[in-house]
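Biologist: I have the coordinates open and would like to go through them with you. Shall we begin with the chain contacts?

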Amino acid sequence: MKRVAYYKGCSLEGLATEYDRSTRLVCEAFGIELVEIHDWNCCGSSPAHSYDPLLSSALAGRNLAIAADQGCDVVMTPCPGCLKSLKGAQETCEDPSKRKAFVDLVGRDVDGMKTISLLQLLYEEVGPEAIKKAVKRPLSGHVLIPYYGCLLTRPADRAKFDDPENPISLDRLIEATGATAPDFPFKTECCGATYGVTRNEFVGRLSGRILDMASQLGGEAIVVACPLCQQNLDMRQDQINKFAKRDFHLPVPYISQVIGLSLGISPKKLGLDKLCVSPDVLLEDRAGDEKRVQEQAG
Amino acid sequence: MTDEGPRSIAPADGTAADTQGIKIVGFLCNWCSYGGADTAGVCRFKQPTDLRVVRIPCTGRMDPLFIAKSLIYGVDGVLVSGCHPRDCHYAVGNFYARRRMEAFKAFLPFMGIDTRRFKYTWVSASEGQQWQKVVTEFSEQIHELGPNPGVRRQTGENSKVSTGLR
Amino acid sequence: MLETDRNQLHKLVEEALPELDMVIGWGQSTDSFQTTPVFVRDAKQISQLTLGPFCSQNLTGYLVKPPALDAAPKEGAKPIGICVKGCDSRSLVALIQEKFLTRERVRIFGIPCRGTVDWNKVGKLVDLSNVKSATVEEDVLVVDDSQTTHRIKLEEVLARKCYGCRYPNPLIQDVTIGEPATPRSTSIESSYRDVDRLDAKPLEERLDFWQSELDRCIRCYACRNACPLCVCQDKCIIESREPRWLTQRVGIPEKFLFHFIHAMHLAGRCTGCGECERACPMDIPVTLIKEKLNKIMEERLGYSAGLDVEAVPPLLTFNPGDTEI
Amino acid sequence: MERNNILSVQQSRDSDFIREVEEASGQNVSKCYQCGNCMASCVYTFAYDYPVTQIMRLIQLGQRDTVLSSRSIWLCANCQACTTRCPNNIDVAQVMEALRIMTRQADTVSQPDIQAFYDEFLRSVKTFGRVFETGLLPVYNMRVKKPFTDFDLAPRLLKKGKITFFPALVKNRKKIAEIFEVTKRECFSKAGKARPEPLSSKTDT
Amino acid sequence: MRIGVFVCSCGTNIAGTVDTKRVASEALSFADVVYATNYMYTCSEPGQQEIQKAITEHGLQGVVVAACSPRMHEPTFRRAVEKAGLNRYMFEMANIREHVSWIGTDKEANTRKALDLVRMAVAKLRFNAPLFSSKAPVNKRLLVIGGGVAGIQAALDCAEGGMDVVMVERKQYIGGKMAKLDKTFPTIDCSSCILGPKMVDVSQNEKITLYAASQIESINGYIGNFTVDIRKKATYVNWDACTGCGACVEKCPSKKAEDYFNEGLGQARAINIPFPQAIPKKAAIDAQFCRQLNGKKCGVCAKICPVKAIDFEMKDTIVTEKVGAIIVATGYDLFDYSVYGEYGGGRYPDVISGIQYERILSASGPFGGHIRRPSDGREPKDIVFISCVGSRDASVGRPYCSGICCMYIAKQAILTKDHMPESNSYVFYMDIRSPGKNYDEFVRRAQEEYGVQYIRGRVGKIYQRGDRMVVQGADTLLGVQVEVEADLVVLATGVESSSGAGELAEKLRISYDQYGFYMESHPKLRPVETNTAGVYLAGACQGPKDIPSSVAQGSAAASKVQSLFAHDTIETNPQVALVNERNCIACGKCIQVCPFGAIQWKELRGGIKKAEVLQTVCQGCGVCNATCPPKAIQLQHATDNQILAEVNELCA
């Protein structure tokens, strides 16, 4: 069993509890032991970055240090924002000019730690092939839009995962569940990020654009791997509709939920009911239809 | 630092005399670094006056023993400069040189010779400014180290260390 | 055990001798404890051959030193037999690699080695001028100086090189005599302890150390002459006027430069056999100088001399991707 | 800031500013050749007063006041599109981040409400160790005097059980406080003057 | 040795900060110096006469001039001493201008430094020996590597001059990139109309031997005497028999071969003649796609061929040619734009490269000269051109300007308007680089007469929306983000060095830069020479170039070859390595390290081996000298003794 430190971050404790639940279930299904970081704290996110680089690194670094003390060398977080902070902490620790301040503050170095996103864990450690084999309830016939958001694979030299412009890991994972993942041109476009509260109209505009392109491509849902993207696209979909004078109705499940569904885990357990836009359309079993169509054609 | 306080070094504008009598030998390849030093001259980029240049065809010609000879016999610093890797006039001369000098540089301090007295670098014929920088920095470094006593000239002088090996 | 091995050696040499020009090995010297090289051409001489911890000489030099053999033997020439320890075999590899020898030219009697005795060290415990007999019992050296019988642990009087030995068993050979030996060292760290010890001292102390050590050098060139890889012999630039690197002046700079020349000419080639140091009449640790270079070669370029006949010595080649400064 | 279409290059150039930005961001801004790729890639360009390309240009010309008072730097979401596509490998997002910090030090934050949100966020972290989402919003709303922000979301979130009424507390809050304390001190010494800490209320406008 | 020292004041250039009089007077005390003086301009006519006079009057055997850099006037003074009867190598220079007077203002320190340099020069000179050139015969045949327009020009020029030329081309046809172009800027003349006749000349000229579908296997030898092994790749068609009738191509059932000539637009047959005007007009089989060669039953071509030229058993063959000079004209490749993920990374069929668009425009191209979109064959209406794709972009490792894209975009935009008057073209650019004759006027015309919309800014992203592409870019002049909907996007992919350029350089022993472009000997004064004597450069292999420059350089290289071939022998440089056989221990290390293969074994009587330097091959780098343990091999004019003499002067 692979042992991975789990840094869930504040969102997964609040507005994204379903992401936490489904992540745990999927990891369990593939034999990955998630070791929750003891007494973890908030990474500071963008506010800390814009305040002081060391603050951000130290807040995030404390969690890495605890994980290291817990005997883990891989830290996984489902939140790309947290991931950015964790990687920033590592860079600070490796930077000779900042190392001392960092170590003094955090209490130890965090050399040799690997920080990855849930997406990277699922793609590299589990892999589409293993998922394909484990699928019990294929999502064939569903068109799911892969949306990565801005931070998962960027900047490339920090993320060190997938392609910064045209990532494919989420596409491959969606396809592994049997669903179709169209080539989505706005895969990495920003959804409005933290401006949900302060500049609601930004989210209206940017997430609106994403929803628009997704529906043009015939998407039934947008699959995400970021709690912030999910909030903007799902929780604020009504606000977006009001702003853009549109009537989008696209569910926005997490990739962990989608994979969980295909594994036959119950929607309730995966927290699908927690999504604001009803994901019921995903529950339609079209695998049979597909087979029938194929048989007729054959 | 000695009792006389910090050693003054000839500043880049060359106004003060090099009273220390510091001597640095520079082995410069004819095609790149010698040209780079010429370029620095043509551009009037001021440099300390301690360097004496020996023109060699290529850093590949550099036998590390020339450096050994210089430092053992009390030359204060040795600067070797050639074409940037891949730009060698002879295609690969500086590749040979790099290995030999790198090994030699690592070896020098074992014999008790300060490795900071030897530097090798790559400067192209067009990099006059870079040459000025290299010469200035290296000269400053040698001035900081002070004159090179070389190794003792006479035998039989008392030695204060036990070897610990025998 | 020694006895068995010696008998095996005698038997193997006897079998092979008709096909060979001669066999170079060790024989007992007149002073009962040291060994001396013997050149066996006749079956009657075979009984002189011995082996064991007294056989300190690296005999491979005899293959290339005057009167030098032809690297490529003439039609019909018989190969030469030679006895080698693990360290000696690396010299053979290096000589073959540098094409001073061909593999076919030699028939190699490989002898696993458990260390050789440094008589200088024994001399500090025993008056060597009165030695009646010296024998080895398991791991104890028994020296009888007519007054007392000294029992000295072998491990305490081995040659300096033996303590960091990673290759006690010959790397190339045609036949092996005896059981393989266990290496005393398996890592860079444990092979260069003496180098590290000196490196740990401040720069000035290192300079003082070498000044006082090299001060004793009398420029007899025994170290150079003993080195199997110092192939220049009488063409050596230490003595040449064209070019003239060194004067005859007796000063420490001249001694330093001489040892720099010796070391740099062996950089990336020295196998660490220790012959230079063994030959030094002034007890200067001259091998140590080359050991440092060997360590640099190993750490920086991943190269150890005398391990692979196909390899190119690192300073005779380059890699455009080498790192620098 | 009102655009004045005439610029005296020598008199307005603040070369310390260029150096400060380069030091804080670790980027060589003179590498920028104004190709416009950052502007082309930035999804926030529509909201900026100076597009990113021009911010870079203004830095090159040493225009401290214009840059530090610009709206753009506080509207950048750090989405990395500019950094990813810069042909000269400039980490543009890092430059924007450095500028944001500089505006805090210079006390020229152009979007006080965004700063207020960030400050409340950090206050929450400092107090609890984690962000207390439910608690954060009302305080922010009070501070910026927009009491009804996101109130439309509340009923649904309540129904979904996503609103918590008690903050999750980190046990070792002392350590968190220490981190805030030390970084504040470090910044203080770096900036050479006091900086408003995240909890100051002077950003109320 | 009787040595004379001449200290130049160079007006005030040297005398301003160096006491040249003192240098001269103190030099008199140096060993062997019998004469020393100071002169205002030593390089001037009277200055040189002064030296010559002193040589005669004082019986000088060696001369030191302390003046400017030897890179400046060493040849001048060598000639001067030679005229006075000294060997030209009995001369040394001390550089007291560039290395002393110009870089320091402290006259005292400068003067002492100048004295040291003179002392070192004198010390070295005492070990100098007269050196003499030898002569080697010149084989007056030329090898041209690469059959693009530069190589063709060079080959034709030399053939015209009566020389035998061997041309080797990697592809199965000559003409290079230019053969793929539709029209050329800024005259809009038809590419194949101007290149075609030259290609025919190559094939018909008796002086020219053409090896197409061939590559350089190895090169040995030296200027005047190269031996070249050429690998003729198996084409599976006997070209001596093939008439190029094309019957085989027509009947070949394997229709999905890669159409290299059309840049992957459309498909070719496994046996193919790339284009109707191809030279040589011969068919060749693409083994990857041939059914017969992949173990399937076919052999249709063999059955149909009227001259029985098909040979499935054909193997590569090696031919050896001997030549006296080599012109390298291996051209360039175009940047692979698939690294630009933001431009679709090659996923969008309607985002194409400039050279692909060139094929689309060409009447012999995949669409017969009608502009069509690769995706659906529809005629595009809005076309966006994006410049600097793989140029001036450090993030993809191409920080240099390709120099030709601005012009070819303007040309393509103009041609687009000519083909489709109703279309709209948009060009995203950073700067317009149009420094050639009539170039800028041409770009202006595109904007003024053809209404091409130029937008100053880079493009951040291209994505598909419906069946159109959205180009999201910047207009930096306005400071706004712009969006253009396009039916077709043409990326002006930049120039990069030809694939395999590095390997060929190793074989030729010429240098190449970090991007793989070959290095000229001097960027200004020796632009077509390389540092390997007898090897010259032409065209874009040396750096991005347009057609006029490539042709000009082809002719320039040809003229260099002709001036070389005007002599029956060449003088060799005597500053080469020399073996002292008495000291050589035959360890072979010099042979091992020589970068030029200039050292070989020599057998003395009794089978004793010694190293021997081929004077004509040795370039004088001295790696052997540094390597030789007994220092038996010495680089003449930079011997150990000479360098040691200089160093010794500083080891006071």
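Biologist: How many residues does the contact take from chain B and from chain C?

Modeller: First, a caution that this is a predicted model. The contact takes 36 residues from chain B and 37 residues from chain C.

Biologist: Which elements give two or more residues to the side of chain B that touches chain C?

Modeller: Those elements are helix H2 (64–72) and helix H3 (93–107) of chain B. H3(B) gives the most, with nine residues.

Biologist: And how do the residues of that side divide into nonpolar, polar and charged?

Modeller: On the side of chain B that touches chain C, 18 residues are nonpolar, eight are polar and ten are charged.

Biologist: Staying with chain B, what pattern does it follow along the sequence?

Modeller: The pattern is β-α-β-α-β-α-β-α, built from four helices and four strands. Chain B has 166 residues, of which 63% count as buried. Among its contacts between residues at least 6 apart in sequence, 82% join residues at least 24 apart.

Biologist: Let us move to chain D. At what angle do the axes of helix H2 and helix H8 cross?

Modeller: The axes of H2(D), residues 15–25, and H8(D), residues 92–106, cross at roughly 115 degrees and come within 9 Å. Angles of 65 to 115 degrees count as roughly perpendicular, and the two helices are therefore described as roughly perpendicular to each other.

Biologist: Is that crossing of H2(D) and H8(D) left-handed or right-handed?

Modeller: The crossing is right-handed. From H2(D), the contact is made by Glu20(D), Val21(D), Ala24(D) and Ser25(D). H8(D) contributes Gln94(D), Val95(D), Ala98(D), Leu99(D), Ile101(D) and Met102(D). The residues of this contact divide into seven nonpolar, two polar and one charged.

Biologist: Which residues of H7(C) are buried?

Modeller: The buried residues are Leu207(C), Phe209(C), Trp210(C), Gln211(C), Ser212(C), Glu213(C) and Leu214(C).

Biologist: What do those buried residues of H7(C) pack against?

Modeller: They pack against two helices of chain C, H6 (193–199) and H9 (252–266).

Key. Residues numbered from 1 in each chain as written. Chains lettered and ligands numbered in written order. Predicted model: local features only at pLDDT ≥ 70, side-chain atom pairs only at ≥ 80, totals over all residues. Buried ≥ 20, exposed ≤ 12 C-beta atoms within 10 Å, placed from the backbone. Contact = placed C-beta atoms within 7 Å. Nonpolar A, V, L, I, M, F, W, Y, C, P; charged D, E, K, R; others polar. Axes fitted to C-alpha atoms, helices over the stretch in contact; angles between N-to-C directions. Parallel < 35°, antiparallel > 145°, perpendicular 65-115°, else oblique. Left-handed = near helix turned anticlockwise from the far one by under 90°.
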